[in-house]
Amino acid sequence: MASSKKYLDFVIEQLSGLEDISYRAMMGEYIIYYQGKIIGGIYDDRFLVKPVTAAKRIMPDAAFEIPYEGAKEMLLVDDVDNREFLEELLHAMYDELPAPRKKRL
């Protein structure tokens, strides 16, 4: 099942208080970027983030879910209605996320 553009737009709006939020469509789903780093994505109308230490600390009871068959588990963000929480989560995660890959010329 592909994610809806409506759910993506909702999550992006919730994250609009942060600078440099972007997304890219990929096979019916959406990868979410924060300041150029991949933080997670929208999969089957679920907002999932990478399970870095900061995310696990902020969401200790979050469910681990598989975004698609064959992928590594990610953390389900249940509280997408809470903008302050989402901003805190992404700020906390940022330093633990890998730097963007250099594009080949």
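Strands here are DSSP runs of E with at least two residues, helices are runs of H or I with at least four, and both are numbered from the N terminus. Before going on, a word on the source: this is a predicted model, where local features need pLDDT of at least 70, side-chain atom pairs count only at pLDDT 80 or more, and totals for chains, interfaces and linings use all residues. Residues are numbered from 1 along each chain as its sequence is written, and side-chain values use heavy atoms, with hydrogens and water left out.

Back to Glu29. Is Glu29 buried or exposed? Glu29 is buried, at a relative accessible area of 11%. By buried I mean under 20% relative accessible area; exposed is over 50%, and partly exposed is in between, with a 1.4 Å probe and protein chains only. Glu29 and Asp45 are 16 residues apart along the chain, and their C-alpha atoms are separated by 8.5 Å.

Now the rest of that strand. How many of the six residues of E2 are buried? Six of the six, so E2 is mostly covered.

Strands of a sheet pair through backbone hydrogen bonds, either parallel or antiparallel. Here we have an open sheet of six strands, in the order E1-E2-E3-E4-E6-E5, with antiparallel pairing. Strands E1 and E5 (64–65) are at the edges with a single partner strand each, so one side of each has no neighbour in the sheet. Two strands count as paired if DSSP finds at least two bridges between them.

Let's walk through some of the pairs. E1 and E2 are antiparallel, with six bridges, and Arg24 stands opposite Ile31 in E2. These two strands form a hairpin with two residues between them, and Met27 in the turn has a positive phi of about 50 degrees. Moving on, E2 and E3 run antiparallel and are joined by five bridges; Ile32 has Gly40 in E3 as its bridge partner. That pair is a hairpin too, again with two residues between the strands, and there Gln35 takes a positive phi near 50 degrees. Then E4 and strand E6 (residues 74–76) run antiparallel, joined by two bridges. Leu48 has Leu76 in E6 as its bridge partner.

While we're at E4, have a look at Arg46, which lies in that strand. Arg46 is buried, with a relative accessible area of 18%. What does the side chain of Arg46 reach? A polar atom of that side chain lies 3.2 Å from the backbone oxygen of Ile66, and one lies 3.5 Å from the backbone oxygen of Pro67. Those are polar contacts: pairs of N or O atoms within 3.5 Å, where within protein one must be able to donate a hydrogen and the other to accept it, and residues adjacent in sequence count only if both atoms are side-chain atoms. Leaving out residues up to four places away in sequence, Arg46 also touches Tyr7, Gly41 and Glu65, among others. Contact means heavy atoms within 4.5 Å.

On to the helices. In H1, the residues Tyr7, Leu8, Val11 and Gln14 are buried. They cover an arc of only 125 degrees around the axis, which puts them on the same side of H1. That arc is taken from the directions from the helix axis to the C-beta atoms. What covers the buried residues of H1 includes E1, E2, E3, E4 and H3.

In H3, the buried residues are Phe85, Leu86, Leu89, Leu90 and Met93. Seen down the axis, they fall within an arc of 125 degrees, so they line one face of the helix. Why would that happen? An α-helix has 3.6 residues a turn, so residues three or four places apart point the same way.

Last stop, the core. The largest nonpolar core has 27 residues, and Leu15, Ile39 and Leu89 are among those with the most contacts inside it. H3 gives the most to this core, with five residues. A nonpolar core is a set of buried Ala, Val, Leu, Ile, Met, Phe, Trp, Tyr and Cys residues joined through side-chain atoms within 4.5 Å. Leaving aside neighbours within four places in sequence, Leu89 is in contact with Ala55, Ile58, Met59 and Val77. Apart from that core lies another, of six residues, including Ile31 and Leu48.
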